[in-house]
Amino acid sequence: MAKFVSIITLLFAALVLFAAFDAPTMVKAQKLCERSSGTWSGVCGNNNACKNQRINLEGARHGSCNYVFPYHRCICYFPC
C-alpha cells in the first residue's frame, strides 16, 4: 500500500511540475485612456463608423459611441 501511495504522489508531483512549465505567460495589459474625438462632428450613432474614423484619422487603438451628457459622442481610446 505504501508503494502505491508513493507512486501516486510521484505522479501528482510530475503533473504539477509539467503544468508549471507548460502554463502560458500572462502579458501585462496596456491601459487605455479615453478622450473625445477631434475630427467627429455631430451625434454618434454608428459604432463602426466611429471606430474606423478614430483608427484611420486619429491613430487611436479603438473608438466607440458613448453617452456623454447631453448626447452620444465618438470617444477615442489611446494607450496612456
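Helices (H or I, at least four residues) and strands (E, at least two) were taken as DSSP runs and numbered from the N terminus. The structure is a predicted model, in which local features need pLDDT of at least 70 and side-chain atom pairs count only at pLDDT 80 or more, while totals for chains, interfaces and linings use all residues. Residues are numbered from 1 along each chain as its sequence is written, and side-chain values use heavy atoms, with hydrogens and water left out.

The chain contains 2 helices and 3 strands. Their order from the N terminus is α-β-α-β-β. Of the 80 residues, 16% are buried (under 20% relative accessible area, with exposed over 50% and partly exposed in between; 1.4 Å probe, protein chains only). Among contacts (heavy atoms within 4.5 Å) with a separation of 6 or more, 39% link residues 24 or more positions apart. The chain exposes about 6500 Å² (Shrake-Rupley method, 1.4 Å probe; for residues, only the protein chains shown count as cover). Carbon and sulfur atoms supply 64% of that area.

The count of salt bridges (a side-chain nitrogen of Lys or Arg within 4 Å of a carboxyl oxygen of Asp or Glu) is 1. It joins E58 to R54, with the closest N and O atoms 2.7 Å apart. Both residues lie in helix α2 (residues 47-58), 4 residues apart, so about one helical turn separates them. R54 is buried, at a relative accessible area of 0%.

A nonpolar surface patch comprises F4, V5, I7, I8 and L11, with about 480 Å² of accessible area together. Patch residues have over 30% relative accessible area and no salt bridge; like charges are joined within 9 Å, and nonpolar side chains (Val, Leu, Ile, Met, Phe, Trp, Tyr) within 5 Å. V5 belongs to helix α1 (residues 2-22). V5 is partly exposed, at a relative accessible area of 44%.
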